Amino acid sequence: MADVLTLTGLSWSVGGSAILSDVDLAVGEGEFVAVIGPNGAGKTSLFNLISGLTRASAGRIAVDGADITGEAPHRRARRGIGRTFQSSSVFPTMTVAEHVALAARVGKAKQSDALERVRLTRRAGALAADLSHGDKRKLELAMLLASGAGRLLLLDEPMAGVASGDVPELVAVIRSLHRDEGRTVLMVEHHMEVLLGLADRVAVLHHGALLAVGTPDRIMADARVQEAYVGEAL
């Protein structure tokens, strides 16, 4: 299995303080890797480095073997790197269909069946402002697919703020993108019950360093991981 993403010695410091230190991680073709860690562990910072919003202080980022460490975000998007954020970013006065059409035009990709793949076809004419938070998350996924940025999906806490009743369908959509379409996914999420049903492997960040990487069962039984989460839900 070829590696889609390879991080080697990836580090980021601000004002002399290390936010991420010597992170080594490889994500294989079609693999689902969950990134967990206590608050302030550096999870979103890691996504910012991979997507190009932040420049690494040291180390290397490679996608499909190509060094992208110094590339701008838009060039990474052209390589198929798609990113969602903790807060939904949609235009409230635009319809669902208009969002997907815009993403397809900007990414120079085909609009195709993106809405169907995220189960939003029936809401195509709805304004984004009228969507539930869960549907807004699905719309963001549809936009990534329509733009062509679906080689590597970086999902930053997609369940955050989503009503409990909407979580199962959002999980089903993400599972389908991974298992049915073979998408490679790197996801940050605090809902452990969600991750255990999705992830092939789990990577644990603690104080900006990679503490452990392994199967969900092995990570949940790891004493070092349990100690890192003292005082927080695991």
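Helices (H or I, at least four residues) and strands (E, at least two) are DSSP runs, numbered from the N terminus. The structure described here is a predicted model, in which local features need pLDDT of at least 70 and side-chain atom pairs count only at pLDDT 80 or more, while totals for chains, interfaces and linings use all residues. Residues are numbered from 1 along each chain as its sequence is written, and side-chain values use heavy atoms, with hydrogens and water left out.

The loop between β9 and β10 contains H207. Strand β9 covers residues 201-206 and strand β10 covers residues 209-214; the two pair in the antiparallel sense over 5 bridges. Two strands count as paired if DSSP finds at least two bridges between them. One of these bridges sets L205 against L210 in β10. The two strands form a hairpin with 2 residues between them. Is H207 buried or exposed? Buried means under 20% relative accessible area, exposed over 50%, and partly exposed in between, with a 1.4 Å probe and protein chains only. H207 counts as exposed because its relative accessibility is 66%.

The discussion now turns to a sheet. An open sheet of 4 strands has the order β2-β1-β4-β5, with antiparallel pairing. Strands β2 (17-28) and β5 (66-67) stand at the edges, and each has a single partner strand, so one side of each is left without a neighbour in the sheet. Strands β1 and β2 are joined by 8 bridges, and W12 has L20 in β2 as its bridge partner. These two strands form a hairpin with 2 residues between them, and G15 in the turn has a positive phi of about 55°. Strand β1 is also joined to β4, in the antiparallel sense, by 5 bridges; here T8 stands opposite R60 in β4. Strand β4 (residues 58-63) is in turn joined to β5 by 2 bridges, with V63 opposite A66 in β5. The loop between β4 and β5 holds D64. The phi of D64 is near 50°, a positive value in a residue other than glycine. At 42% relative accessibility, D64 counts as partly exposed.

Helix α1 (residues 43-51) lies across β1 (3-14), β2 and β4, and runs at about 115° to β1. For such angles, axes are lines fitted to C-alpha atoms, for helices over the stretch in contact, and angles run from 0 to 180 degrees between N-to-C directions; contact means heavy atoms within 4.5 Å. How many of the residues of α1 are buried? The count is 8 of its 9 residues, among them L46, F47 and I50. After α1 comes G52, whose phi is positive, near 95°.

The expected span of a helix is 1.5 Å times one less than its number of residues. The 15 residues of α5 (residues 133-147) should therefore span 21 Å, and the end C-alpha atoms are 21 Å apart, which agrees. Helix α5 is mostly covered, with 13 of its 15 residues buried. The helix is followed by G148, whose phi is positive, near 90°.

Helix α3 (residues 96-107) includes A97. This residue is partly exposed, with a relative accessible area of 25%. A97 and L139 are 42 residues apart in sequence, and their C-alpha atoms are 9.2 Å apart in space.

On a 1 Å grid over the protein atoms alone, a cavity is a set of points where a 1.4 Å probe fits but cannot get out, and a pocket is an open set with protein on both sides within 12 Å along at least five of seven lines; lining residues have an atom within 4 Å of a point. Grid points are joined across faces, edges and corners, and a volume is the space filled by probe spheres set on the points. The largest pocket holds about 820 Å³ of space. Its lining has 27 residues, of which A77, V106, L144, S147 and A149 lie nearest its centre. The elements that give two or more residues to this lining are α2 (73-78), β6 (81-84), α3 and α5.

By this rule there is 1 cavity of 30 Å³ or more. The largest cavity has a volume of about 30 Å³, and its lining consists of T84, R137, E140, L141, P158, L170 and I174. Two or more of the lining residues come from each of α5 and α6 (167-180), and α5 gives the largest share, 3 residues.
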